[in-house]
Amino acid sequence: MPGVISPRRATWVLALTAGALVWTAGTAYAGKPVPGGHDTTQGGADGMTLLASAGQSRIKVTQVSGPTGGKRGAVSSTDVNWKPPACWYEPVFTPAALKDFSETNGVGDVGIHEYWAGKGLWTDHYRDDKPTTNVFENGASVEGYKNYNLGQDGYFWRSVAPDVSDPDSWDCTRIMFWQSAGEIPKIAHAPTPKTLAEYAYNRVEVPDTEIELKPTTKSTVNLPTWVWLDKATFQDVKVRAELPNTGLWAQTTAKPVALHLDPGTEDAQTYPASGDCEINADGSIGTPYEKGAAEDRTPPCGIRYLKATDGTPYRLSASVTWQITWQGANGTGGDLPDGTFETTQDMDVQEIQSINR
């Protein structure tokens with residue numbers, strides 16, 4: 001009985017002749033070592049990795065500018081309905097690499113929900129000169145090619161999903177197929193510069209929101225606490241995403257635009273009243289505290305606590321809003337949802353109407 005590539009709809013393993021295995025499951029097992037299996041993380045004849053998990057994209061993301069040290073983290077989208085692409089297609093094999101994979105005990109994913117382990121992938125599914133007749137529930141079929149397409153310039157592509165458990169990952173149902181070099185497949189869910197920009201969204205790491213306070217973590221009832229950020233604290237963060245062997249790239253930029261303060265209690269007022277402190281022209285936020293300012297002036301960015309803490313400090317929250325845009329190959333570009341990054345700190349508030357300066 002020849003090998004069959006089947007969608008993973010249930011958790012079971014089917015043993016087949018010619019040493020081939022088909023794994024059908026709701027989760028990815030690609031890259032899992034098997035006795036005598038081919039190492040899916042090693043380079044092929046052209047230096048490309050062979051066939052790791054379909055949950056591992058080949059998109060390369062590098063930081064172009066912005067802080068690289070200190071505490072950092074990914075932003076949270078302000079649009080609760082936004083999500084990055086659930087799936088797309090990428091080049092994974094040259095002809096020589098696929099030949100190596102098929103004629104050894106190859107192990108890996110040929111699609112997001114299709115797994116192969118054993119010899120004979122080419123013989124059973126990409127047989128010379130004629131298409132095979134493997135037709136799946138969704139209507140997708142496998143194409144026939146000639147002698148691994150050796151001597152041709154191009155790649156075998158397969159589907160990729162950052163989260164293989166996402167139901168939307170089933171939108172990319174086509175298993176591994178051939179595409180000539182320098183061409184992007186004209187199919188649904190083919191990668192675009194925007195795909196790369198959205199993929200990079202969650203890989204933009206922004207600095208921790210360490211605001212300056214005066215008074216520091218101990219404030220006084222009815223006296224304002226000044227809040228500011230030095231202009232050197234926040235800079236644009238830029239990351240570049242590239243998909244090898246496609247010519248596709250995108251640069252995603254996160255720019256700080258506002259600081260929002262939440263005093264952690266209703267017994268407080270913020271400056272401005274909305275709690276949103278805008279970024280100044282020089283990149284700073286607010287105005288640094290000056291001696292006597294707490295009594296004489298209202299801070300452009302700050303908090304006034306109206307009630308003292310009673311053993312339990314208030315949790316002051318400071319979140320920076322980052323405006324996120326992108327530009328990419330072929331003159332493309334646009335906006336992505338704003339992101340926020342939040343930190344909190346304890347604030348003790350005392351009753352006495354004085355402050356150490």
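Predicted model: local features only at pLDDT ≥ 70, side-chain atom pairs only at ≥ 80, totals over all residues.
Me: What makes Lys-83, Asp-166 and Asp-168 a network of salt bridges?

Reply: Lys-83, Asp-166 and Asp-168 are linked by salt bridges. A salt bridge is a side-chain nitrogen of Lys or Arg within 4 Å of a carboxyl oxygen of Asp or Glu. Residues are numbered from 1 along each chain as its sequence is written, and side-chain values use heavy atoms, without hydrogens and water.

Me: Why is Asp-166 called buried?

Reply: Its relative accessibility is 12%. Buried means under 20% relative accessible area, exposed over 50%, and partly exposed in between (1.4 Å probe, protein chains only), so the word applies.

Me: What makes Lys-83 partly exposed?

Reply: Lys-83 has 40% relative accessibility, so it counts as partly exposed. Asp-168, with 35%, is partly exposed as well.

Me: How do you know that Glu-205 forms a salt bridge with Arg-72?

Reply: The closest N and O atoms of Glu-205 and Arg-72 are 3.5 Å apart, so the pair meets the cut-off. Glu-205 lies in strand 11 (residues 205-207) and Arg-72 in strand 4 (residues 72-74), 133 residues apart. Strands are DSSP runs (E, at least two residues), numbered from the N terminus.

Methods. Helix = DSSP H or I, 4+ residues; strand = E, 2+ residues; numbered from the N terminus.
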